[in-house]
Amino acid sequence: MTTPTHIMAGLVIGKLTGNYPLSIAVAVGVDADHFFSYAKNGTLTSVKKFIKTSLAKDDPYGDQKNILHNVFVFVLISGVIFLINHQIGFIFSLAYLSNLVLDALDNSDYFPFYPSRRVNIRGPIEYASWKEFLIVCFLVVTFLLI
């Protein structure tokens, strides 16, 4: 999913939990692992290449959703934070999970056990499509109603 969708999910979680900064930061921040791929593949050396790659539906390198999108890493990081502080751990886990679920819904490659490629989840929603726009609209309405 695109960044605006993750931001809206973070806003909804922030409104439910009362912690907007953490919710938004984590909901969007999980995608920081894209930058590992960009650095490894030279995408950060050219603004044009960065924009083209970051806005493309397909991942030309097959590793943009890597270590932070691994469900075991999610459980490990969320568990450690939850043990340190239950309230922050709960918010962190919800926001992190929102990113993983939304990414599993779009039809770009998602390997939940990265680096293993045995399981590839491709959801029914095309990346940056009108269906994703409907999800953003649903999240906006949800945000306004709660």
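1. The charged end of Arg 117 sits over the ring of Phe 111, 4.7 Å from its centre. A charge is said to sit over a ring if NZ of Lys or CZ of Arg is within 6 Å of the ring centre and within 35 degrees of the ring normal. A second case involves Lys 15, which lies over the face of Phe 143 at 4.5 Å from the ring centre.

2. The model is a predicted one, in which local features need pLDDT of at least 70 and side-chain atom pairs count only at pLDDT 80 or more, whereas totals for chains, interfaces and linings use all residues. Residues are numbered from 1 along each chain as its sequence is written, and side-chain values use heavy atoms, with hydrogens and water left out.

3. How do helices H1 and H7 lie relative to each other? The axes of H1 (residues 3–17) and H7 (residues 130–145) come within 9 Å and cross at roughly 20 degrees, which makes H1 roughly parallel to H7. Helices (H or I, at least four residues) are DSSP runs, as are strands (E, at least two), and they are numbered from the N terminus. Axes are lines fitted to C-alpha atoms, for helices over the stretch in contact, and the angles run from 0 to 180 degrees between N-to-C directions. Angles under 35 degrees count as roughly parallel, over 145 as roughly antiparallel, 65 to 115 as roughly perpendicular and the rest as oblique.

4. The crossing of H1 and H7 is left-handed. A crossing has this hand if the near helix is turned anticlockwise from the far one by less than a right angle, and is right-handed if clockwise. On the H1 side, the residues that meet H7 are Thr 5, Met 8, Ala 9, Leu 11, Val 12 and Lys 15. Their partners in H7 include Ile 135, Leu 139 and Phe 143. Contact here means heavy atoms within 4.5 Å.

5. Helix H1 also packs against H6: the two axes come within 10 Å and cross at roughly 150 degrees. H1 is therefore roughly antiparallel to H6. In this case the crossing is right-handed. From H1, the contact is made by Thr 5, His 6, Ala 9, Ile 13 and Thr 17; among the residues of H6 that take part are Ile 91, Leu 94, Ala 95 and Leu 102.

6. A search of the whole structure finds 7 aromatic pairs. One of them, Phe 35 with Phe 50, is stacked, with 6.1 Å centre to centre and 20 degrees between the planes. The pair links distant parts of the chain, for Phe 35 is in helix H3 (residues 33–40) and Phe 50 is in helix H4 (residues 47–55), 15 residues apart. Rings of Phe, Tyr and Trp (its six-membered ring) pair if their centres lie within 6.5 Å; planes under 30 degrees apart count as stacked, over 60 as edge-to-face and the rest as tilted. Phe 35, Tyr 38 and Phe 50 form one aromatic cluster.

7. Are Phe 35 and Phe 50 buried, exposed or partly exposed? Phe 35 counts as partly exposed because its relative accessibility is 43%, and Phe 50 is partly exposed with a relative accessible area of 26%. Buried means under 20% relative accessible area, exposed over 50%, and partly exposed in between (1.4 Å probe, protein chains only).

8. Phe 92 and Tyr 96 form an edge-to-face aromatic pair, 5.7 Å centre to centre and with 70 degrees between the planes. Both lie in helix H6 (residues 86–105), 4 residues apart, about one turn of the helix. Phe 92 and Tyr 96 are both buried.

9. His 34 has its place in helix H3. At 14% relative accessibility, His 34 counts as buried. Leaving aside residues up to four places away in sequence, His 34 touches Gln 64, Lys 65 and His 69.

10. Two backbone features deserve a note. Most residues other than glycine have a negative phi, and most peptide bonds are trans. The peptide bond from Tyr 114 to Pro 115 is cis, with omega near 15 degrees. Ala 128 has a positive phi of about 55 degrees although it is not a glycine. Pro 115 lies in the loop between H6 and H7, and Ala 128 lies in the loop between H6 and H7 as well. With a relative accessible area of 53%, Ala 128 is exposed.
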